[in-house]
Amino acid sequence: MTHTARRIGRTLALVLPVVMVLSGTLAVTRVPWAAANPESQLLTAASETLTKQPAKARTPQDILRDKLLVELQEKDPAVALMDLQRAVEARPSLARHCMSIAKALGKAAVEQYGPTRAHRFSRPVCDTSFASGVAQFS
């Protein structure tokens, strides 16, 4: 009898603290600490650090692509392609992004001018990526 009681006591001594810690932790995470209205979402401490992160800085190739897309809409794709070529010559680090920018210009040209007219603006910039962008999105 004493052996069984001792065994149950040891089991409880090991299991009970674990159960108490887990139930206390779960209870604390469910308490609406600072909820002003009942519809607000409860946030954990980890989510607060995610919301306070600064906005991601835009890369030079993103800025160039956006500028050229605006230029394509305001003027025509030929002007945008020539400016792309000049930008790559001025900043060789943009050369590895030239093809994706030219394809984006090709897609925008198809959306604005249609596939037949967009092909007329093709230039040998970035290994004719503009033409492949036009063909891909036609």
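**Exercise 1. In which helix do Arg86 and Asp83 both lie, and how many residues apart are they?**

Solution. Keep in mind that this is a predicted model.
- Start with the place: Arg86 and Asp83 both sit in helix 4, three residues apart, or about one turn of the helix.
- Now look at the side chains. Arg86 forms a salt bridge with Asp83, and the closest N and O atoms are 2.8 Å apart.
- The cut-off for a salt bridge is 4 Å between a side-chain nitrogen of Lys or Arg and a carboxyl oxygen of Asp or Glu, so the pair qualifies at 2.8 Å.
- Finally, check the cover. Asp83 has a relative accessible area of 18%, and buried means under 20%, so Asp83 is buried.

**Exercise 2. Describe how helix 4 and helix 5 run relative to each other.**

Solution. 
- Two packed helices are described by the angle between their axes and the distance between the axes.
- Here, the axes of helix 4 (residues 77–90) and helix 5 (residues 98–113) come within 11 Å and cross at roughly 170°.
- Angles over 145 degrees count as roughly antiparallel, so helix 4 is roughly antiparallel to helix 5.
- Who makes the contact? On helix 4, Pro77, Ala80, Leu81, Leu84 and Val88; on helix 5, Cys98, Ile101, Ala102, Leu105, Ala109 and Tyr113.

**Exercise 3. Decide for Ser129 and for Met20: buried or exposed?**

Solution. 
- Take Ser129, which is in helix 7 (residues 129–136). Its relative accessibility is 2%, so Ser129 counts as buried.
- Leaving out residues up to four places away in sequence, Ser129 touches Met99, Ala102 and Lys103.
- Now Met20, which belongs to helix 1 (residues 2–29). Exposed means over 50%, and Met20 has a relative accessible area of 54%, so Met20 is exposed.

Terms used. Residues numbered from 1 in each chain as written. Predicted model: local features only at pLDDT ≥ 70, side-chain atom pairs only at ≥ 80, totals over all residues. Heavy atoms only, no water. Helix = DSSP H or I, 4+ residues; strand = E, 2+ residues; numbered from the N terminus. Buried < 20%, exposed > 50% of the residue type's maximum accessible area, 1.4 Å probe, protein only. Axes fitted to C-alpha atoms, helices over the stretch in contact; angles between N-to-C directions. Parallel < 35°, antiparallel > 145°, perpendicular 65-115°, else oblique. Contact = heavy atoms within 4.5 Å.
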